[in-house]
Structures are given as C-alpha cells and as structure tokens.
Amino acid sequence: MSEPTPALGLGYTSFWNDCISSGLRGAMLVELALRGRIHLEAPTMRKRKLLERRVLLQSAAPTGDVLLDEVLKHIKNTHPPESVASWINLLTGESWNPLKMHFQIQQVRERLAKSLVEKGVLTTEKQNFLLFDVTTHPLVESGEKERLLQRVQTTLLQRWSSDPRRIPLRTLALLVLAHASDVLDDALTSLPDDNYETATQRTQGLLETNPDLQSAKVMSPGEEMIWAVMAAFNRG
C-alpha cells in the first residue's frame, strides 16, 4: 500500500505527491462538463479518439465558483481550441510554450482549502515543521471525510457494477480522479484484507478499461469528459 496522504486528516497534502496538481486540473474539466459548460467536439473520420478531439465551449454562464470560472474564461478565449490533455498541462503550468504560461491556475490547493474553510468543512491552524511554521487546514469534524470514504468503498464492494455506465457519474469521476491524483488507495486502507483485495481488483479492472471504447457508449458530455480525462492520464 502507498504512503497515506494526510490531506484529509492532518490538514496538508503530501509533500511527496506530485500527482495532485494535475488531478485537480482534470477535476475542473470534468466539473465544467458535468455542469454543461464545456464538451468535446463531435468525433469525425479523422478525429475519433478522445485525445484527438478538442474541448469546446457550450455555455459561458458563470458557475459561481471562482476557480471553475477562471478555467471557463480561458477555454472561452482560446482559439483554436485545445485538447483535454493539452488543457491539463496548460492549467498545471507544464507547457513549454512561454506564450501559454498565463493559462496556469495558481495556488489551487490553497484556494480550495480556503473555500472549504469558508464552508465550515476545514479550519485553519499553524503547525511547526522543523524550522518553519506552515498553515494547515484540518477537518472541523470527520463526518465529511467518512462519507466520502464510505461512498468509494460501497461503490467498489456492495454496489459494484462491472458496467461503468451503471456507476453514478460523480462517483465514476471520483474514482478516476482519485487514481490520477494517487490517493485512491488511501480510501481503501481501512478495509479488511479480503475487501481490500476485492476493491483493488475491481479498481484495476475499471482503470484498465479502454476509454475510447467506453466513450462510444455514453449518453452525456459529462460522462464523455470523464473518459477523456482518464485517457489523458493513462497516456502520461
């Protein structure tokens, strides 16, 4: 099992996890698609694969979320449009093109933490790490964390379906994005050994699914975006 990421318990994300930043940017694209703001261009004879198709604006209406609206503005003002994989790189600041560095969304973790503090989910404290005082954001109470973990575990055990179309969209997105952020295993470590093995095997089976084949069966832009984001992270 991997090193637990203390984000949900101690109030800070693992210093060793480099995957969270890109995972959060992928989550923004998924959320915008689920809210009906963006979608993938329709497949053509020359652009059938998810990663060949570009992200298009569906609605410029503000979401009310500062981070999402910042991403939405970038997508709206970008011509020609970019692919899902390109957007993840651009929003993370991994583009080698100096003319595109302004697409990077700054201080995402800190801004998300502040938002959760305002909603009463987290609080703010100072902790000492060696010679430095670091601002942390522990949970106010563990209920939110436990509900999230229970949702993941129940989906992979009691409510499991080998057909991804029968998994609720936001739960499917949660599984894909948690894996991309290298924190999915942390949600399973509390399970007994037998259940852990079952959940891990089912997770592996889901994540080894061909995103392009699954996207051909979908009924909504949001679901298609989930598979496109998964394809982007699978490509590495």
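Is Glu224 buried or exposed? I looked it up before anything else. Glu224 is buried, because its relative accessible area is 13%. My cut-offs: buried is under 20% relative accessible area, exposed is over 50%, and partly exposed is in between (1.4 Å probe, protein chains only).

**Ground rules**

I am working on a predicted model, where local features need pLDDT of at least 70, side-chain atom pairs count only at pLDDT 80 or more, and totals for chains, interfaces and linings use all residues. Residues are numbered from 1 along each chain as its sequence is written, and side-chain values use heavy atoms, with hydrogens and water left out.

**Entry: Glu224 and its partner**

I placed Glu224 in helix 9. Helices (H or I, at least four residues) and strands (E, at least two) are DSSP runs, numbered from the N terminus. Next I listed what Glu224 touches, not counting residues up to four places away in sequence: Leu40, Leu50, Arg53, Ser215 and Val218. Contact here means heavy atoms within 4.5 Å.

Arg53 is also the salt-bridge partner of Glu224, with the closest N and O atoms 2.7 Å apart. This pair links distant parts of the chain: Glu224 sits in helix 9 and Arg53 in the loop between strand 1 and strand 2 (55–57), 171 residues apart. Both Glu224 and Arg53 are buried. I count a salt bridge when a side-chain nitrogen of Lys or Arg is within 4 Å of a carboxyl oxygen of Asp or Glu.

**Entry: other salt bridges**

How many salt bridges does a search of the whole structure find? I got nine. Side chains of opposite charge can pair when their charged atoms come close.

I checked Glu41 with Lys47, where the closest N and O atoms are 3.7 Å apart. Glu41 is buried, since its relative accessible area is 11%. Lys47 is partly exposed, at 28%.

I also checked Arg165 with Asp163, whose closest N and O atoms are 3.2 Å apart. Arg165 counts as partly exposed at 47% relative accessibility. Asp163 is partly exposed too, with 23%. I noted a network of salt bridges as well, linking Glu31, Arg35 and Arg170.

**Entry: the nonpolar core**

Which residues have the most contacts inside the largest nonpolar core? They are Leu29, Ile38, Val84 and Met225, in a core of 50 residues. I define a nonpolar core as a set of buried Ala, Val, Leu, Ile, Met, Phe, Trp, Tyr and Cys residues joined through side-chain atoms within 4.5 Å.

Several elements each supply at least two residues of this core, including helix 1 (20–34), strand 1 (38–40), helix 2 (66–76) and helix 5 (143–156). Helix 9 gives the largest share, eight residues.

I then followed Met225. Leaving aside neighbours within four places in sequence, Met225 is in contact with Leu29, Val30, Ala33, Ile38, His39, Leu40, Val55 and Val84.

**Entry: the aromatic pair**

I searched the whole structure for aromatic pairs and found one. It is Trp87 with Phe103: ring centres 5.3 Å apart and planes at 80°, so the pair is edge-to-face. Trp87 is in helix 3 (residues 84–92) and Phe103 in the loop between helix 3 and helix 4 (108–118), 16 residues apart. My rule is that rings of Phe, Tyr and Trp (its six-membered ring) pair if their centres lie within 6.5 Å; planes under 30 degrees apart count as stacked, over 60 as edge-to-face and the rest as tilted.

Trp87 counts as buried at 1% relative accessibility. Phe103 counts as buried at 8%.

**Entry: Leu112**

I found Leu112 in helix 4. Leu112 is partly exposed, with a relative accessible area of 32%. Leaving aside neighbours within four places in sequence, Leu112 is in contact with Leu24 and Leu67. The C-alpha atoms of Leu112 and Leu68 are separated by 11 Å, and these residues are 44 apart along the chain.

**Entry: Asp194**

Asp194 is in helix 7 (residues 193–207). Asp194 counts as exposed, at 61% relative accessibility.
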